[in-house]
Amino acid sequence: LNPVFKVLYLAKKLGFDTLWFGYLQTTVGVIQLLGGPMFGRFADLFGARTALSLACASTVVFFLLLATADTPAMLFIHKIPTVFMHVLPASQMVVTDLTKPEKRADALSKLGLCFGIGMIVGSTLGGQLSKLYGEKFTACFGTAGSAFSLLLVLKFIPKNTKAETTRDDNRRKSVFNLSEITRLMKFPTVMQTFIIKIVAGLPSGIFQVMFSIIALEFFKLQPEQNGYLMAYFGIVQMVIQGGVIGRLTARYSDNSLLLLSIGVSSFVGLAQAYIQNVWQFCFNILPMMFSLSVFNAITDSMLTKSVPSSDTGTMLGLCASVQSLLRTVGPTIGGFLYVNYGISSIGLIQFFVNIAVFAGGGDAVLTTGGGALLHLAI
């Protein structure tokens, strides 16, 4: 039901300006940044189904608090459950445990297909419910939907998705053992891939966290129109992740596809710098979703392949923390750029950063898996 837009319109009603909405989004980023690695470790210790159940239960609490939020303080308080609200990473943990490494990128992209369908249905329905009944009713409806998702998880997800020997070894370790989390960075290519994920992903991450503001202030969209636009996002994502990425991964290496996604992302940023209306933006969504989908699926696949199967949950938790890091610094950077230099500045930064990464590390990423990009980022 796209809670970001629901929170945005509620925040506007409560007198939040762009700066304070940025603070609100930064709060979410900080909370999930801290919770992501611990959540992943929790999944390795107690199972992916338990972790996914916890994520769905947190979503129930999140929507309940949103339904009662009628003051600025409550808008911040309702964000607290997001520390465990990692539904997508938890779903990725289940898929990762149940698939072979060579099929992992395709499986993760197919999972994105399911979330794309949810985006289509949820955004369209959420826009209509907000228009007809208001934000509070929509939040209550989200509560019911999240509770139903929790029941589906308990009914259909296997209790144990990892090998019992792996689970037994892990149970001797603590969820809060930071050394068990940070040691994963010592595996070959992990640190390089993480730096690529952060450096190349930061500009597009800034645009994503600012999009709710851009849609409201630059494109002047109403809640119902936002619902239609998010549904379009979902359709494009569904086609790319369900029908394109699997075919690409069957024919090309992970490193080649990573390089392709970075190159496409650079030109997406250039196009964003010159967008004047929502119709031009809709056209740019096609390569945007392609680059984002390929980049996220490939980097997540590469990172989970780089560590033992007993640690894939922790690794996906760290991947989620990268997205949280982008959401943490993105609102501050994006808000400053948008207010002072306009929407074009965000697109131009995306173009220059990604084209620099592409040009500086292109040959090496195909042969060494990113060593040159590590050098470039440093």
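Figure 1. Threonine 82 lies in the loop between α4 (72-77) and α5 (87-98), where helices are DSSP runs of H or I with at least four residues, strands are runs of E with at least two, and both are numbered from the N terminus. With a relative accessibility of 2%, threonine 82 counts as buried; buried means under 20% relative accessible area, exposed means over 50%, and partly exposed lies in between, with a 1.4 Å probe and protein chains only. A polar atom of the threonine 82 side chain lies 2.4 Å from the backbone oxygen of lysine 79.

**Figure 2. The chain as a whole.** Residues are numbered from 1 along each chain as its sequence is written. Because the model is predicted, local features need pLDDT of at least 70 and side-chain atom pairs count only at pLDDT 80 or more, whereas totals for chains, interfaces and linings use all residues, and side-chain values use heavy atoms, with hydrogens and water left out. The secondary structure of the chain comes to 17 helices and 0 strands, and buried residues make up 55% of its 378 residues. Among the contacts in the chain with a separation of 6 or more, 82% are accounted for by residues 24 or more positions apart. The chain exposes about 16300 Å², of which carbon and sulfur atoms supply 69%; these accessible areas come from the Shrake-Rupley method with a 1.4 Å probe, and for residues only the protein chains shown count as cover.

**Figure 3. Spans annotated as transmembrane.** An unreviewed UniProt entry places the feature "transmembrane region" at residues 20-39, 51-69, 107-130, 136-157, 194-216, 228-250 and 257-275; UniProt positions are given in the numbering used here, feature names are shortened, and annotations may be inferred rather than shown by experiment. In the model, residues 136-157 are 95% helix and 0% strand, and the end C-alpha atoms of this span lie 31 Å apart. Residues 257-275 are 84% helix and 0% strand, with end C-alpha atoms 27 Å apart.

**Figure 4. Glutamine 241 and its surroundings.** Glutamine 241 is found in helix α11 (residues 223-243) and is buried, with a relative accessible area of 9%. Its side chain makes a polar contact of 3.3 Å with the side chain of serine 293; a polar contact is a pair of N or O atoms within 3.5 Å, where within protein one must be able to donate a hydrogen and the other to accept it, and residues adjacent in sequence count only if both atoms are side-chain atoms. Neighbours within four places in sequence left aside, glutamine 241 is in contact with Ser109, Lys110, Gly112, Leu113 and Ser293. Glutamine 241 and aspartate 106 are 135 residues apart in sequence, yet their C-alpha atoms are 8.2 Å apart in space.

Figure 5. Serine 58 lies in helix α3 (residues 48-68) and is buried at a relative accessible area of 7%. Apart from its neighbours within four places in sequence, serine 58 is in contact with Pro81, Phe84 and Met85. Cysteine 56 counts as buried at 5% relative accessibility, and cysteine 319 counts as buried at 4%. A search of the whole structure finds 0 disulfides, a disulfide being a pair of cysteine sulfur atoms within 2.5 Å.

**Figure 6. The aromatic cluster.** Phe207, Phe211, Phe218, Phe219, Phe233 and Phe281 form one aromatic cluster, and a search of the whole structure finds 13 aromatic pairs. Rings of Phe, Tyr and Trp (its six-membered ring) pair if their centres lie within 6.5 Å, and planes under 30 degrees apart count as stacked, over 60 as edge-to-face and the rest as tilted.

Figure 7. Threonine 189 lies in the loop between α9 (178-182) and α10 (190-218), and has a positive phi of about 70 degrees although it is not a glycine. Threonine 189 is partly exposed, with a relative accessible area of 30%. Isoleucine 262, in helix α13 (residues 254-272), counts as buried at 1% relative accessibility. The C-alpha atoms of isoleucine 262 and alanine 200 are separated by 6.9 Å, the two residues being 62 residues apart along the chain.

Conventions:
Contact means heavy atoms within 4.5 Å.
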